[in-house]
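This is a walk through one protein chain, from its overall build to a few single residues. Please keep the model open while reading.

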Amino acid sequence: MRRAIFPGSFDPITLGHVDIINRALPLFDEIIIAIGINADKKYMFSLKERVNFIKENYKNEPKIKVLTYTGLTTDFCEKVNVDFILRGLRNPADFEFEKAIAQTNRKLSGIETVFLLTSADTAFISSSIVRDVFRHGGDITKFVPKSVSKK
Ligand code: ADP
């Protein structure tokens, strides 16, 4: 079985994440969407809300699981016995950042990170901008799946 985790904050999940997940589905037998809990980070949506947004969006997709974790991503990969980390790349800044993390993770545990380039029509979407639009009463329906916008 080829299994991967897609780690992130998903605060909230956006159509950019959905694009990466949907395009990775044919590559893996199972994808665990892993919401990392960082005690130093302030989140807009509660952990329960973030989990439910993703679960609802993928309720008819048996290859997707949603879990939460604390600590090192590589430790979590060992715990759930996956061989790949999935990440999305939007721009050169993502690349520089992700390169260092992927190389660190490979040194730590030998795990491989698989990158997918974002689709042109969702490359500009980020959870932080979505949060800003939402905070100021703007319409976020064009940037997030229905499970988020209906909330
Ligand atoms: P983190 O807190 O780790 O940055 P995010 O939830 O923001 O978590 O992102 C998780 C993953 O999704 C990262 O690999 C990120 O590059 C990717 N991602 C975020 N937004 C997009 C997008 N619009 N298109 C493609 N990938 C994206």
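What share of the 151 residues of the chain counts as buried? In this predicted model, the figure is 42%. The chain holds six helices and five strands, and from the N terminus on they follow the order β-α-β-α-β-α-β-α-β-α-α. The radius of gyration is 15 Å, close to the 15 Å that the globule rule gives for 151 residues, so the chain is as compact as a globular protein of that length. Taken along the principal axes, the box filled by the C-alpha atoms is roughly 45 × 35 × 30 Å. Among contacts with a separation of 6 or more, 79% are between residues 24 or more positions apart.

The loop between β1 (3-8) and α1 (15-24) is a place to begin with local detail. Pro 12 belongs to this loop, and the peptide bond that leads from Asp 11 to Pro 12 is cis, with omega near 0°. Phe 10 is found in the loop between β1 and α1 as well. Its phi is positive, about 50°, although Phe 10 is not a glycine. Is Phe 10 buried or exposed? Phe 10 has a relative accessible area of 2%, and because the limit for buried is under 20%, Phe 10 counts as buried.

Ser 127 is part of helix α5, which covers residues 127-135. When neighbours within four places in sequence are left aside, Ser 127 is in contact with Asp 11, Pro 12, Thr 14 and His 17.

Next come the annotated positions. An unreviewed UniProt entry places the feature "binding site" at Ser 9, Lys 41, Thr 73 and Arg 87. The lining of the largest pocket includes Ser 9, Lys 41, Thr 73 and Arg 87. Lys 41 sits in the loop between β2 (30-36) and α2 (47-57). The side chain of Lys 41 makes a polar contact of 3.0 Å with the side chain of Ser 9.

Thr 73 lies in helix α3, residues 73-80. At 19% relative accessibility, Thr 73 falls under the 20% limit and so counts as buried. Apart from neighbours within four places in sequence, the contacts of Thr 73 are Ile 5, Pro 7 and Ile 85. A polar contact of 2.8 Å also links the side chains of Thr 73 and Tyr 69. Beyond helix α3, in the loop between α3 and β4, is Asn 81. Asn 81 has a positive phi near 60° and is a residue other than glycine. Its relative accessibility of 57% is why Asn 81 counts as exposed.

Helix α4 covers residues 92-109. How far apart are the end C-alpha atoms of this helix? They are 25 Å apart, which agrees with the 26 Å that 18 residues should span at 1.5 Å a residue. The buried residues of α4 are Asp 94, Glu 98, Ala 102 and Asn 105. These residues pack against α3, β4 (84-89) and β5 (112-117). After α4 comes Gly 110, with a positive phi near 80°.

The last stop is helix α6, residues 146-149, where Ser 147 has its place. Which residues does Ser 147 touch, leaving aside neighbours within four places in sequence? Ser 147 is in contact with Phe 53, Glu 56 and Asn 57. With Phe 53 the distance is given for a polar pair: a polar atom of the Ser 147 side chain lies 2.7 Å from the backbone oxygen of Phe 53. Ser 147 counts as buried because its relative accessibility is 7%.

Key
Residues numbered from 1 in each chain as written. Predicted model: local features only at pLDDT ≥ 70, side-chain atom pairs only at ≥ 80, totals over all residues. Heavy atoms only, no water. UniProt positions renumbered as here; feature names shortened; annotations may be inferred. 1 Å grid on protein atoms, 1.4 Å probe; cavity = no way out; pocket = protein on both sides within 12 Å on 5 of 7 lines; lining within 4 Å. Helix = DSSP H or I, 4+ residues; strand = E, 2+ residues; numbered from the N terminus. Polar contact = N/O pair within 3.5 Å; in protein donor to acceptor, adjacent residues only side chain to side chain. Buried < 20%, exposed > 50% of the residue type's maximum accessible area, 1.4 Å probe, protein only. Contact = heavy atoms within 4.5 Å. Expected span 1.5 Å × (residues − 1). Rg over C-alpha atoms; globule rule 2.2 N^0.38 Å.
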